[in-house]
Amino acid sequence: MATVGDENDPMIGDRDMPVPAVVARPDPELDGAVLLPMPPQDGFTAEDLDRIPDLPPHTELIDGNLVLVSPQKLFHTFMLDLLVMEMRSQTPETLLACRGMTVTLGERQRPEPDLVIIDVEAYEGPNGTSVTAESVRLAVEVLSPESEVRDRGRKPQLYAQAGIPHFWLVEQEGDHGSVVYVYELDPVNEKHTNVSVQRSRLKVDVPCRLDIDLTRLPRPPRAKN
């Protein structure tokens with residue numbers, strides 16, 4: 001575990017990065033095209049995500065814009081599987097780890113962190129589609145090429161402004177390694193401050209005590225001689 005200065009913080013310098021352009025309305029004559037509705041003048045609202053039919057899985061709402069998710073690398077899938085498994089076995093009964101759950105931050109903000117830890121009282125049953133920012137103790141983003149700008153810039157901004165106290169940014173390092181940047185909220189400035197950088201083993205005491213072996217990701221078999 002190591003603490004880093006601003007020069008090594010992967011979010012420094014990216015806080016003002018613009019949100020990537022939302023996927024344009026595709027040509028309906030293209031095979032497999034997704035036809036999106038024309039946005040209202042003031043943008044979509046958080047409730048629209050539950051009303052618009054046939055949206056692709058994991059569609060987010062950021063600044064009133066629909067953002068579609070591209071296919072993910074295996075690192076993204078394996079890392080989330082590992083984190084969810086370990087969190088669910090280690091979190092106390094008062095907390096719940098959820099994957100693929102949107103967080104309603106405001107009228108036109110409903111992002112979907114890769115993983116959240118929420119207060120168990122916020123769980124409304126298997127038909128729930130979103131939770132409030134007040135119930136989120138930790139938001140986690142695992143970087144992928146298509147979402148890098150959002151994960152480093154706009155989404156952490158929104159989480160901080162909504163008062164989410166803890167944020168992790170997880171990144172692939174080299175062919176088989178991983179690194180977790182751990183942030184805590186500075187409520188006065190409404191920004192997350194980096195408190196540690198962790199490799200190989202992730203150990204934290206907040207929002208609860210967690211000890212996760214990050215080396216337990218699948219590796220390709222060794223080539224035969």
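The expected span of a helix is 1.5 Å multiplied by one less than its number of residues. Keep that in mind as we explore this predicted model.

**Exercise 1.** Find what span helix α1 reaches, and what span is expected.

*Solution.* Start with the residues: α1 covers 74-90, which gives it 17 residues. Next, go from its first C-alpha to its last, and you find a reach of 24 Å.

**Exercise 2.** Work out which residues of α1 are buried and what covers them.

*Solution.* Look along the helix first. The buried residues include Phe75, His76, Met79, Leu80, Leu83 and Met87. Then look at the cover, which includes strands β3 (95-99), β5 (115-119) and β7 (136-142), among others.

**Exercise 3.** Trace the salt-bridge network that holds Glu60.

*Solution.* Begin with Glu60, whose side chain meets that of Arg150 in a salt bridge (4.0 Å, N to O). Arg150 sits in helix α2 (residues 148-161) and Glu60 in strand β1 (residues 60-62), so this pair ties together parts 90 residues apart in sequence. Now turn to Lys155 and Glu141, whose closest N and O atoms are 2.9 Å apart in another salt bridge. Here α2 holds Lys155 and β7 holds Glu141, so the tied parts are 14 residues apart in sequence. Check burial next: Arg150 and Glu60 are both buried, and Lys155 and Glu141 are buried too. To finish, join the four: Glu60, Glu141, Arg150 and Lys155 form a linked network of salt bridges.

Technical notes. Residues numbered from 1 in each chain as written. Predicted model: local features only at pLDDT ≥ 70, side-chain atom pairs only at ≥ 80, totals over all residues. Heavy atoms only, no water. Helix = DSSP H or I, 4+ residues; strand = E, 2+ residues; numbered from the N terminus. Buried < 20%, exposed > 50% of the residue type's maximum accessible area, 1.4 Å probe, protein only. Contact = heavy atoms within 4.5 Å.
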